[in-house]
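Here's a quick tour of one model, with the packing and the charged pairs in view. Have a look at the structure first, then read on.

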Amino acid sequence: VPPPPIAALMNMEPAEFSVGHAVFTGLPGEEHYNPLGTVHGGWAATLLDTVLGCAIQTTLPVGTTYTTLDLRVTFVRAITRDTGRVLGSAEVVHRGRRVATAEARLTAERDGRLLAHGGASCVLIER
């Protein structure tokens, strides 16, 4: 199955999955820069939203999907192309019948420094 177009645009890919846990990697580049000369916060938010949703998806039965209700992001350090590969790791905090929540961290692969963290709530949709 080919990756979704957003994965190529954002230069991110899945790395690890288990029930209630997901890891993605992302490689920031100049194509992700804002006018201030750093990676746009939307890049980090997109990586967080992806890994948070996928962690929740690992807990869902076949035929159930989800959509993000809210996304909370706290930026800790600026990200640039010199940051290198970024790891996004998420864990499910709560999985109910209608809503699930998860928390995630973005860290620099090179030295483990925290770049951003956040959380999301997702509504679960039975098909």
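Which residue forms a salt bridge with Asp 82, and how many Å apart are the closest N and O atoms? That partner is Arg 81, with the closest N and O atoms 3.9 Å apart. Bear in mind that this is a predicted model.

## Arg 81 and its partners

Asp 82 comes out at 55%, and it counts as exposed because the cut-off for that is over 50%. Through shared partners, the salt bridges join Glu 30, Arg 81 and Asp 82 into one network.

## The Asp 70 and Arg 72 pair

The count of salt bridges comes to three. One of them brings together the side chains of Asp 70 and Arg 72, with an N to O distance of 2.3 Å. Asp 70 has a relative accessible area of 32%, which makes it partly exposed. Arg 72 is at 41% and is also partly exposed.

## The nonpolar core

Now for the packing. The largest nonpolar core takes in 28 residues, and those with the most contacts inside it are Trp 43, Leu 47, Leu 52 and Leu 106. Five elements each supply at least two residues of this core: β2 (21-26), α2 (41-57), β4 (86-95), β5 (99-108) and β6 (114-126). Which of the elements gives the most to this core? That would be α2, with nine residues.

Setting aside neighbours within four places in sequence, what does Leu 47 touch? Leu 47 is in contact with Met 12, Phe 24, Thr 25, Gly 26, Val 86 and Leu 106. Leu 106 turns up again here, being listed with Leu 47 among the residues with the most contacts inside the core.

Definitions and conventions
Residues numbered from 1 in each chain as written. Predicted model: local features only at pLDDT ≥ 70, side-chain atom pairs only at ≥ 80, totals over all residues. Heavy atoms only, no water. Core = buried A, V, L, I, M, F, W, Y, C linked by side-chain atoms within 4.5 Å. Buried < 20%, exposed > 50% of the residue type's maximum accessible area, 1.4 Å probe, protein only. Helix = DSSP H or I, 4+ residues; strand = E, 2+ residues; numbered from the N terminus. Contact = heavy atoms within 4.5 Å. Salt bridge = Lys/Arg side-chain N within 4 Å of Asp/Glu carboxyl O.
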